[in-house]
There are 2 protein chains.
Amino acid sequence: MHSQKDVTIYDIAEKLNLSPTTVSRGLKDHPAISKKTKKRINDIAAELGYRFNTFASNLRSKRTNTIGVIIPRMNSSFMSAVLAGMEKVANEASYNLIISQSLESAEKEAVNVKTMFNNRVDGLMVSVAYDTVGVSQFEMLLEKGIPLLFFDRTLDHPQCTSIVIDNYKSGYLATQHLIAQGCKNIIHITGNLARNVYADRQRGYESALKDAGIQTDPNNTFINVLDEQAGIDCAQKILKMNPLPDGVFVDNDTCAVNCMAILMNNGIKIPEDIAFIGFNNDPISRVIRPALSTINYPGFEMGEIAAHKLIAHLNGQQSINSTNSIILRSELIARDSSKRIK
Amino acid sequence: MHSQKDVTIYDIAEKLNLSPTTVSRGLKDHPAISKKTKKRINDIAAELGYRFNTFASNLRSKRTNTIGVIIPRMNSSFMSAVLAGMEKVANEASYNLIISQSLESAEKEAVNVKTMFNNRVDGLMVSVAYDTVGVSQFEMLLEKGIPLLFFDRTLDHPQCTSIVIDNYKSGYLATQHLIAQGCKNIIHITGNLARNVYADRQRGYESALKDAGIQTDPNNTFINVLDEQAGIDCAQKILKMNPLPDGVFVDNDTCAVNCMAILMNNGIKIPEDIAFIGFNNDPISRVIRPALSTINYPGFEMGEIAAHKLIAHLNGQQSINSTNSIILRSELIARDSSKRIK
DNA sequence: CTGTTAGCGCTTTCAT
DNA sequence: ATGAAAGCGCTAACAG
């Protein structure tokens with residue numbers, strides 16, 4: 001079923017009466033090799049159908065020029081933006097990216113870490129799964145000195161840099177905005193409070209209520225996985241409330257629009273009856289009617305900065321550790337779903 | 001900056017007075033090794049912080065258990081579903097997947113193919129970029145006997161299997177549905193007609209019109225990249241038409257909803273003035289109002305089947321070639337955006 | 001059930 | 001500007 005024998009640099013060397021060393025250098029565009037020799041090498045390589053053997057190279061050189069990325073899911077425009085930012089920076093520095101998904105499972109995440117570890121990634125960037133607990137699954141990397149960086153959904157570790165937005169402030173601003181529109185009974189739909197992003201937004205939500213003299217109510221915080229079904233479920237839950245809330249802050253745009261759709265199907269007017277604000281500035285927030293107010297999340301920039309930090313570390317220019325963490329700016333985008341005051 | 005020396009199977013062997021072979025087998029859960037020895041090996045491995053060296057293994061064994069996937073973009077729910085289906089099947093057969101994006105660029109796609117090639121993927125599954133021309137960039141794989149399979153956006157090659165939906169029929173059904181709703185002046189917003197998916201849908205569109213005795217008009221086919229901006233641009237173009245069309249068939253839901261949003265902003269009523277039907281059954285089609293009629297695309301199933309076919313080939317059970325191509329069923333989902341007849 | 005030997009294809013080191 | 005020698009860590013082939 002399979003291939004004939006592979007062409008190696010020895011085959012090329014033999015054909016040209018050169019050493020394998022010279023061929024290796026020639027193929028890598030090493031400065032010490034003459035232009036002419038390089039051309040001969042490359043011509044023969046093409047003619048013989050030579051292909052570079054990454055495994056032999058990595059085995060010998062003990063480096064892979066590969067950076068691992070583990071994310072919960074590939075499906076949001078936010079994540080696409082992050083990955084695009086990472087890929088841009090990595091490519092410019094001639095690193096490859098290998099990306100894997102935990103599918104929000106801590107277990108799969110641990111397997112992915114191990115695979116990345118065995119694949120000798122030079123460094124790893126992670127946004128942790130919904131239910132990840134502790135950092136022990138990452139210790140093997142740190143013991144070997146492999147730099148580990150968290151972005152968006154982070155874990156605390158003195159040896160790790162984190163790149164986040166100011167989730168506390170974002171939560172505060174979102175809630176404050178609803179209050180400014182006259183909302184007094186505001187629900188927060190959020191995720192696992194063990195995750196920094198949700199915990200910080202919840203704190204921001206609570207602070208904003210407190211600063212406005214509004215009592216916080218634990219029943220007004222809904223915790224779920226923030227997907228489409230969760231949005232639908234929350235809508236059902238809201239419809240049963242008495243009195244109805246007058247404002248809803250959802251930590252994810254996709255979840256928010258699904259929730260809105262069900263409420264509107266049930267005769268609720270948005271923003272008149274219930275004002276909405278989401279999170280992420282997903283493209284969906286712009287096409288839905290009423291357009292969804294949201295918090296802009298600079299994903300591309302986050303990806304760029306994360307990759308940049310990691311590569312700076314690999315080049316010995318800067319260290320990965322918790323003192324180098326970065327908080328990016330996010331901002332509120334007010335659209336029709338929250339505008340009750342004209 | 002980096003790590004101490006790596007622990008190898010030799011280190012483990014020495015500690016236990018075993019041969020490296022036995023250790024290698026023990027770590028792999030080889031049946032010929034006693035339970036007891038296996039346990040000793042694994043315990044010491046854990047204690048020493050041993051990590052398996054994929055490169056050495058791949059170099060020696062000349063197989064990687066890795067399947068490459070190249071897709072245009074990671075950002076649609078359709079693609080997520082395809083990848084999830086592939087990953088499920090691949091994992092069950094203990095293959096790893098490496099995924100890369102062409103970002104719709106034929107050039108980047110060719111680079112990705114080369115990288116996959118150098119990484120010795122056992123097989124490759126590709127949905128080609130928007131502007132890919134010819135199959136020459138894939139010839140190196142075929143020459144080495146590396147199986148190549150196309151899905152969704154395919155190329156014709158006798159040695160390659162393709163997994164597609166019936167795009168002709170889908171285009172026909174979508175158009176026929178609009179006609180059945182009373183539309184007589186129907187626009188088709190589609191992509192590069194060099195791509196099978198768009199060419200086939202366009203043929204279906206034309207056949208449906210013809211069968212209904214409606215004259216086809218080249219000006220009624222809009223060709224673009226089908227992203228959000230394209231949807232907006234198409235809306236502007238439609239607004240300038242006189243008379244306005246009464247039906248629009250868009251080959252992508254995301255593009256469709258953006259187009260609808262602009263039209264509605266300009267006072268057009270959907271479906272009363274213009275009926276809409278999209279393609280893919282993206283989640284967005286369900287939350288938008290009016291809900292978007294669309295064509296369901298069985299992405300997960302497509303991913304499963306593609307991976308299954310490729311792995312069957314690698315196991316010598318079945319061959320990858322054009323005679324084994326598969327056409328999956330897709331179906332029309334009628335929602336409010338096209339329902340003019342009650 | 002366990003061991004010996006050799007070599008996968010490359011790059012590093014040291015030489016010239 | 002080029003080369004010789006060695007070895008990265010594993011597993012296949014053969015042996016017992």
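These legends describe close-up views of a predicted model.

**View 1. Chain A and its domains.**
Chain A splits into three parts: domain 1 (9–60), domain 2 (66–166 + 299–329) and domain 3 (167–297). Domain 2 is written as two stretches, 66–166 and 299–329. Domain 3 covers 167–297. Between the C-alpha centres of domain 1 of chain A and domain 2 of chain A, the distance is 35 Å.

**View 2. The residues around DNA strand C.**
DNA strand C is surrounded by 31 residues. The closest come from both chains: S24(A), K28(A) and Y50(A), with T21(B) and R60(B). By class, the surface near DNA strand C holds 11 nonpolar, 12 polar and eight charged residues. Sugar or phosphate accounts for 57% of the atoms of DNA strand C within 4 Å of the protein. Bases make up the rest.

**View 3. Phosphate contacts of DNA strand C.**
Both chains reach phosphate oxygens here. From chain A, an N or O atom in the side chain of S57(A) lies 3.4 Å from a phosphate oxygen of DNA strand C. S34(B) uses its backbone instead: a backbone N or O atom is 3.2 Å from a phosphate oxygen of DNA strand C. Elements giving two or more residues to the surface near DNA strand C are α1 (9–16), α2 and α4 of chain A, plus α2 and α4 of chain B. The largest share, four residues, is from α4(A).

**View 4. The residues around DNA strand D.**
Around DNA strand D there are 30 residues. R60(A) is one of the closest, and so are Y10(B), S24(B), K28(B) and Y50(B). The surface near DNA strand D divides into 11 nonpolar, 11 polar and eight charged residues. Of the atoms of DNA strand D within 4 Å of the protein, sugar or phosphate supplies 57%. The rest belong to bases.

**View 5. Phosphate contacts of DNA strand D.**
S34(A) has a polar backbone atom 3.2 Å from a phosphate oxygen of DNA strand D. T37(A) works through its side chain, where an N or O atom is 3.0 Å from a phosphate oxygen of DNA strand D. Two or more residues of the surface near DNA strand D come from each of α2 (20–27) and α4 (54–61) of chain A, and α1 (9–16), α2 (20–27) and α4 (54–61) of chain B.

**View 6. Where chain B meets chain A.**
The contact draws 47 residues from chain A and 46 residues from chain B. About 4,500 Å² is buried between the chains, with 53% given by carbon and sulfur atoms. Six salt bridges link chain B and chain A. One salt bridge joins D6(A) to K144(B), with the closest N and O atoms 3.5 Å apart. Between the chains, 18 residue pairs are in polar contact.

**View 7. The side of chain B that touches chain A.**
At least two residues each are supplied by α4, α5 (77–92), α6 (106–118), α11 (253–265) and α12 (284–287) of chain B. α4(B) gives the most, with five residues. By class, this side of chain B has 16 nonpolar, 18 polar and 12 charged residues.

Terms used: Residues numbered from 1 in each chain as written. Chains lettered and ligands numbered in written order. Predicted model: local features only at pLDDT ≥ 70, side-chain atom pairs only at ≥ 80, totals over all residues. Heavy atoms only, no water. Near = heavy atom within 4 Å. Polar contact = N/O pair within 3.5 Å; in protein donor to acceptor, adjacent residues only side chain to side chain. Nonpolar A, V, L, I, M, F, W, Y, C, P; charged D, E, K, R; others polar. Domains from an automatic or database assignment. Contact = heavy atoms within 4.5 Å. Buried area = accessible area lost by both parts, 1.4 Å probe. Salt bridge = Lys/Arg side-chain N within 4 Å of Asp/Glu carboxyl O.
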